[in-house]
Amino acid sequence: MSNQTKYSTGLTKVNDTFLPMIENQLINNGINMDQYSKQCVMNALSSINAALDAKGLTISDPSLDKNNLTTTLLNVAALKLNAAASPREVYFQIRNVSVKKKENGKDITTWKKQIEMGIEGDGNDAILSNFGRNVDQVRPFWLVREDDDFEYPSYNGLEMTPPKWTPKGSGDVVRVVYPIIFKDKSIQYFISERADVAKNLVAHIQNNMMNETFGVLPAGKTRYDANPEQQKKIAEKKTELLKKAAELGLGALDAAELQKWISPAWTEYHSREAMIIRKMRNNVVKKIPKDFGSAFVELIHDQASDGDYAAVREEISTRANSEPIDIKPEPPTEPQWQPQDESGPDQPRQEQKTETPPPASAKTEKNNVPDDDNF
C-alpha cells in the first residue's frame with residue numbers, strides 16, 4: 001500500500017472519529033452543523049494532519065493534546081472557516097506547551113503538543129459575510145495608498161455622498177475602505193486608518209510583556225514571586241515603556257528599547273507592511289455589527305479572533321483567587337448615635353419611635369436575622 005493510500009485511509013478514520021464529536025457538541029449548544037461546516041472541519045483536519053506530518057507527528061501521537069485539537073475543530077465548525085480556501089481563511093501551527101500536574105503530591109511539568117489556530121485576513125471577511133448583521137454583500141476592499149487621490153464620504157442628514165478614490169499605485173497603504181451592501185440595498189463605507197494600527201502594536205507589546213520582570217527579580221524568579229514593592233517597580237517600568245510605545249506610534253517598530261517585545265512578523269521588512277494591512281482590515285471588520293445567533297459562537301469568535309482577549313482570559317483563569325489579600329483590621333469606632341432613653345428588655349417593640357434607632361440590645365438580637373438584600 002502506498003504512503004498516499006495510507007495517508008488517505010488514516011485521514012478518513014480521523015474524520016469519522018472527530019466529525020460526530022464536533023457535531024454533538026454543537027447540537028448540545030443549540031447549533032445545527034450544516035454541510036459547509038462539515039466541509040470546513042474536514043479541510044481543517046487535512047491541513048492539521050499536514051502540519052503534524054511536517055513535524056514527524058500524527059493525530060494519534062500521545063504527545064498531542066486531544067482536548068485542544070477538539071476545541072480547534074469546534075472553532076472552525078462554528079465560525080465556518082475554510083482552510084482550503086484561496087486566499088486562505090485560517091491556518092494551523094504546532095506549539096510546545098508546558099502542562100503542570102500533580103503526581104504523588106508533587107508538581108510535575110510535562111510538555112504537550114498543541115494546535116494553534118490563526119484567522120487570516122480573508123477569514124475575517126468570511127466571518128463578516130456569514131454573520132454580519134443584515135449584511136448582503138461584502139464588496140472588495142480598497143487599499144488606499146498615500147499618493148492616491150481620496151475623498152472621504154460626506155453626509156447631509158441621512159443623505160451620503162460616497163467616497164472617491166483614484167489609485168496611483170505608489171506609497172504605503174494609509175487606509176482600508178470596505179464597501180458593504182446591506183439587505184435593504186443601502187451601502188455603507190467602513191474605513192480604518194494606518195495610524196490606528198499603533199493601538200494594536202501597543203496591545204501586542206503589552207501582551208508580550210505579561211511575564212516580564214525587567215531585572216527587578218533575580219534570575220530564575222518569575223513575576224509570581226514578586227513582593228508588593230517589586231510588583232510596583234515592575235508595573236512602573238511596564239507603564240513607562242508602554243507610554244513610550246504609544247507616543248512613538250508605528251515608529252515603535254524601530255525603537256531598539258522595545259524590540260525585545262515585538263515579534264518578527266511586525267518588524268521584518270518583508271512582513272511589516274502585510275501585518276499593518278492585516279491589522280487595518282481586522283479593525284474595519286470589528287466595527288461592523290455581527291449577529292452570531294448564539295452566545296457560544298460569539299464567545300468562540302472573541303477567543304479565536306482576539307489574541308489579547310484570549311491571553312487576558314487565560315491570565316485571569318490561571319491567577320484568579322490565588323493571592324491572599326492582607327486587610328489591616330481597623331480599630332472599632334464609636335457609634336454615630338446615642339439612644340436618648342435606654343429601654344429595658346421588657347419594653348414592647350411597637351412603643352419604640354421609628355425615627356429613633358433601636359437600642360443596643362435590640363441591635364444585637366437582629367444580628368442573626370438576614371438582611372432583606374440577601375434574599
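User: Which residues have the most contacts inside the largest nonpolar core?
Analyst: This is a predicted model, in which local features need pLDDT of at least 70, side-chain atom pairs count only at pLDDT 80 or more, and totals for chains, interfaces and linings use all residues. Side-chain values use heavy atoms, without hydrogens and water, and residues are numbered from 1 along each chain as its sequence is written. A nonpolar core is a set of buried Ala, Val, Leu, Ile, Met, Phe, Trp, Tyr and Cys residues joined through side-chain atoms within 4.5 Å; buried means under 20% relative accessible area, exposed over 50%, and partly exposed in between (1.4 Å probe, protein chains only). The largest such core has 38 residues, and those with the most contacts inside it are Leu-73, Leu-79 and Phe-92.

User: With which residues is Leu-73 in contact, leaving aside its neighbours within four places in sequence?
Analyst: Contact means heavy atoms within 4.5 Å. With those neighbours left aside, the partners of Leu-73 are Phe-18, Ile-22, Val-41, Ala-44, Leu-45 and Ile-48.

User: How many bridges join S1 to S2?
Analyst: Helices (H or I, at least four residues) and strands (E, at least two) are DSSP runs, numbered from the N terminus, and two strands pair if DSSP finds at least two bridges between them. S1 and S2 form a hairpin with 2 residues between them, and Asn-104 in the turn has a positive phi of about 55 degrees. The strands run antiparallel, and the number of bridges joining them is 14.

User: Which residue in S2 is the bridge partner of Lys-102?
Analyst: S1 and S2 run antiparallel. The partner of Lys-102 in S2 is Asp-107.

User: What is the value of omega at the cis peptide bond between Ser-86 and Pro-87?
Analyst: Pro-87 belongs to the loop between H3 and S1. The cis bond joining Ser-86 to Pro-87 has an omega of about 0 degrees.

User: Is Phe-214 buried or exposed?
Analyst: Phe-214 lies in the loop between helix H5 (197-208) and helix H6 (228-248). Its phi is positive, near 55 degrees, in a residue other than glycine. Because its relative accessibility is 19%, Phe-214 counts as buried.

User: What is the average pLDDT of the chain?
Analyst: The pLDDT is the predictor's confidence in each residue, from 0 to 100. In this chain, 78% of the residues score at least 70, and the average is 79.

User: How many contacts beyond near neighbours in sequence does the stretch 334-375 have in the model?
Analyst: Over residues 334-375 the pLDDT is below 50. Where pLDDT is low, the predicted coordinates should not be read in detail. Beyond near neighbours in sequence, the contacts of residues 334-375 number 10.
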